[in-house]
Amino acid sequence: MKALSLLLLLIAVQPRSADLGESLVYPTPSSQTTLTIQCPPEEAAYCSEIEHLAERPEIRRAFEYIEATDDDALRDLIMLTEIPAPPFKEEVRAKKYAEMLLEAGADSVYIDEVGNVIALRRGRGGGENRVVAIVGHLDTVFPEGTDVTVTERGDTLFAPGIADDTRGLIAVLYTLKAMEHVGLRTDADLLFIGSVGEEGLGDLRGMKHLFREGGPRIDAMIAVDGTNDNRVVAKALGSRRYRVTFKGPGGHSWGAFGGGNPAHALGRAIRIFDEAAAAFTEAGARTSYNVGRIGGGTSVNSIPFEAWMEVDMRSEDQTRLLTIDSIFQAAMHQALVEQNGMVRRGEELSLDLDLIGDRPSGENDPNTPLLLRAQATIRHFGGRPNIQRSSTDSNIPISLGIPAVTLGGGGVSGGAHSPGEWWINRDAYRAVQKLLLVLSAEAGLSPTP
Ligand SMILES: [Zn+2]
């Protein structure tokens, strides 16, 4: 117990800063006893699996390779960051990433119908192998024309998309390179993937295509996104997003007075929805809603011919997500009916509801081996796993009951989704070692002869 209290004290006095999050806690790997103490009973089997795996000579050699090629990884990160990948325009970066995966030693690489880059590394079995995938996303949130040149100030690299998620792509690539370098043979087949459409209106279209009916077999998936070393996204935050448009004939505010007014309908719709949704979200699994943008109209003295809004709804729970969605739809239709009841002349108003975002919710079972392996590996590196709920590529497999976690790609970063995005190479290679360890454990290595 003395060892434990000493360890806790050491953790407690570690300096903290907002930028560094949880990632500072790195006891040296030599302090093996403290690692054993830190592993809770329900994870014990996986902690010991990971400890044994980490001792194997081929894994140690892979770790050495990852540390030794840290400068190459940095050079590749800068090169790939400077290839723009705006939403729905990931092709140029995808082509380059496919070349890099092939050069790294993948058995085959292809770009699928929606633009995902998929590299296969065969396992030792025949055609019946399990398949484990590891994924970084190709797309950024930044529109075409954004300057993506990487600039350096001290040890900090600045560029839109450098951390989210170009670093993830590099971590996936170097996991493959390390496996190839030491000739690591896994039981399962591995897929190394650069996905499209992770961000915003991309609406996870890469993952939706990958996990479509009749798509390639995937039994478990690791998404690499963000840079927090301790974060394990194991729960999917689902969302439904709509663009709502009320339309009418429009007209002069004096001359056509009495005609249907889309702006009035919009205001009514927001009030009806807000009241019903506020009551619904007061209790139960956390659920949110937001009218994020509104617009329309021509001038102060014109009846608008159109008024629109964009609405975002989220829930931890898929059933509640669908329920708030039906509350929303009912509110829009009620507003239309009520507003049309007030039209004194001319055409009635119409309503368009366009679903512009649909991300499912879900959770891994806490006893899922992949999840326990991810936690045990974080402990192996001296961290404390922090299970989180978020919206990432893992949403899709999780919602289908396929084990999936999202882990950090290494380094320290900030300003994601802003032009000031930055990344610092602080022990980033350790995240690649972590990914290699989790992936190897999940894919299975046959016993050393
Ligand atoms: Zn991301």
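Visitor: Hi! How many bridges join strand β7 to β17, and do they run parallel or antiparallel?

Guide: Hello! In this predicted model, four bridges join β7 (residues 220–224) to β17, and the two strands run parallel. Across from A404 in β17 stands M221.

Visitor: What about β8 and β17, parallel or antiparallel?

Guide: Those two run antiparallel, with two bridges joining β8 (residues 231–236) to β17. V233 has T406 of β17 as its bridge partner.

Visitor: What holds paired strands together, in general?

Guide: Strands of a sheet pair through backbone hydrogen bonds, in either a parallel or an antiparallel way.

Visitor: And which way do the residues of β17 point?

Guide: In β17 (residues 404–407), A404 and T406 point one way, while V405 and L407 point the other way. All of them are buried. As a rule, side chains in a regular strand alternate between the two faces of the sheet.

Visitor: Let's stay with V405. Which residues does V405 touch?

Guide: Leaving out residues up to four places away in sequence, V405 touches I222, V232, V233, A234, L370, L371, A374 and S394. V405 is also one of the residues that touch the most other members of the largest nonpolar core, along with L101, I134, F192, I222 and L435. That core has 84 residues.

Visitor: How many residues are in the other core that lies apart from it?

Guide: That other core has 23 residues, including V244, M309, L321 and L351.

Visitor: New topic: in what order do the four strands of the open sheet come?

Guide: The order is β4-β5-β19-β18, and the pairing is antiparallel.

Visitor: Okay, helices now. At what angle do α4 and α13 pack?

Guide: Helix α4 (residues 57–68) and helix α13 (residues 428–443) pack at about 150°, with their axes 9 Å apart. Angles over 145 degrees count as roughly antiparallel, so α4 and α13 are roughly antiparallel to each other. Their crossing is right-handed.

Visitor: Which residues of α4 and α13 meet?

Guide: From α4, I59, A62, F63, I66 and E67 meet Y429, V432, Q433, L436, L437 and S440 in α13.

Visitor: Then what is the phi of F88?

Guide: F88 has a positive phi of about 70° although it is not a glycine. F88 sits in the loop between α5 (70–81) and α6 (91–103).

Visitor: And L204, where is that found?

Guide: L204 is in the loop between β6 (189–195) and α8 (205–210). L204 has a positive phi too, of about 60°, and is not a glycine either.

Visitor: Why does L204 count as buried?

Guide: L204 has 27 C-beta neighbours inside 10 Å, so L204 counts as buried; the cut-off for that is 20 or more. F88 has 14 C-beta neighbours inside 10 Å and therefore counts as partly exposed.

Note on methods:
Residues numbered from 1 in each chain as written. Predicted model: local features only at pLDDT ≥ 70, side-chain atom pairs only at ≥ 80, totals over all residues. Core = buried A, V, L, I, M, F, W, Y, C linked by C-beta atoms within 7 Å. Buried ≥ 20, exposed ≤ 12 C-beta atoms within 10 Å, placed from the backbone. Contact = placed C-beta atoms within 7 Å. Pairing = 2+ DSSP bridges. Axes fitted to C-alpha atoms, helices over the stretch in contact; angles between N-to-C directions. Parallel < 35°, antiparallel > 145°, perpendicular 65-115°, else oblique. Left-handed = near helix turned anticlockwise from the far one by under 90°.
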